Amino acid sequence: HEAASARTITDTAPTDLQLFISLRIDKSRLDLTCKPDANVVAGLNWDNGGLILNTSPNAKGVSISASIEGLDVSLKHGFLSENSANIDARNLNFSINFSKIISDSMQVMNFVSIVVDTEFKGGMRFSRLQDFMCFKAVWLDHIPILSGEPAESANSPSKLSSTSQELAMKQAFDTAVIVRVRQLSLEVDLGQSISVISFDLQSAFVRTRLTPKYVEVSFQFSLVDMRAQGNLSGHLTMPNFMFRTMRRRRVMASERSFNRMLELNLTSGTLDIQVQSDWLWLLQYR
């Protein structure tokens, strides 16, 4: 009787595991220095942020969400007080969800969704372009993915087995990416002899959908305002812009009545452009 009870408890014991991790970091700073090759420092400032990781049973779903009050990335020379470039993200909220479903035909469908909601402010000085080149040579060129070097090791197999290839062919991805930028303000200094350009973007919304049947990309914003001051000056104003495109990967039998492989939609409000150089008009359109 005791053996039977033990067997019953073992058979009915749950094997699923659900993991929930929450992490909060109030303030932190990460510096990447190019010393001793160059006195260039890249900094990452994290202010009041939280991260949540949640996994569903049997690893069928994973979700990552974060809310960050402030995130600042900068690049500067050690002898200068001004940054060569900086980008400041405020009220950054993002979530990443991954799940998979196995159909009756043993085809694995992977669903990935990425949602980002934030606002940006930053600037860049092209007169300090050498700082970017130093950082690229010291840090970025040593990353295999960015440098173009093969990531496979010498003793790794170059070809997958037939079983692995068949499994990879049966997997499909359905990816959705949504990015909402409430406001984007950038200032680019091209030098005193050229121009200083300020760029302001209001209420931008980007959506991408990648499926085995079609690829869809849409982009819209309420207002773009670009101003240039210097030897090359002018402005560009464009309200209520929307661009959408869809490309079908294949035409199904039920869709032959449409028979459209590529769709494009473009709408815009009143476009106002004025460009002048040394007080001479180069372009004027409205």
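Asp88 is buried, with a relative accessible area of 17%. Its salt-bridge partner is Arg90, with the closest N and O atoms 3.2 Å apart. Arg90 counts as partly exposed, at 35% relative accessibility. The model is predicted.

**Salt bridges**

The count comes to 16 salt bridges.

| Pair | N to O distance |
|---|---|
| Asp31 and Arg29 | 3.0 Å |
| Arg90 and Asp88 | 3.2 Å |
| Glu263 and Arg244 | 3.8 Å |

Take the pair of Asp31 and Arg29. Asp31 is partly exposed, at 41% relative accessible area. Arg29 has 52% relative accessibility and therefore counts as exposed, since the cut-off is over 50%.

The side chains of Glu263 and Arg244 also meet in a salt bridge. This pair links distant parts of the chain, 19 residues apart. Glu263 sits in strand E10 (residues 262–267), while Arg244 belongs to strand E9. Glu263 counts as buried, because its relative accessibility of 13% falls under 20%. Arg244 is partly exposed, with a relative accessible area of 22%. Both residues belong to a network of salt bridges that also takes in Arg207, Glu216 and Arg248.

**Backbone exceptions**

Most residues other than glycine have a negative phi, and most peptide bonds are trans. The cases here depart from that pattern.

Asn240 is not a glycine, yet its phi is positive, about 50°. Asn240 lies in strand E9, which covers residues 232–248. It is exposed, with 53% relative accessible area.

Trp279 also has a positive phi, about 65°, and is not a glycine. Its place is the loop between strand E11 (272–277) and strand E12 (280–285). At 76% relative accessibility, Trp279 counts as exposed.

Where is the cis peptide bond? It joins Lys35 and Pro36, with omega about 5°. Pro36 lies in the loop between strand E1 (19–33) and E2.

**A nonpolar surface patch**

Which residues make the nonpolar surface patch? They are Leu23, Ile25, Leu51, Ile64 and Ile96, and the patch spans about 340 Å². Leu51 lies in strand E2 (residues 40–55). Its relative accessibility is 34%, so Leu51 counts as partly exposed.

How values were computed
Residues are numbered from 1 along each chain as its sequence is written. This is a predicted model: local features need pLDDT of at least 70, side-chain atom pairs count only at pLDDT 80 or more; totals for chains, interfaces and linings use all residues. Side-chain values use heavy atoms; hydrogens and water are left out. Patches are made of residues with over 30% relative accessible area and no salt bridge: like charges are joined within 9 Å, nonpolar side chains (Val, Leu, Ile, Met, Phe, Trp, Tyr) within 5 Å. Accessible areas come from the Shrake-Rupley method with a 1.4 Å probe; for residues, only the protein chains shown count as cover. A salt bridge is a side-chain nitrogen of Lys or Arg within 4 Å of a carboxyl oxygen of Asp or Glu. Helices (H or I, at least four residues) and strands (E, at least two) are DSSP runs, numbered from the N terminus. Buried means under 20% relative accessible area, exposed over 50%, partly exposed in between (1.4 Å probe, protein chains only).
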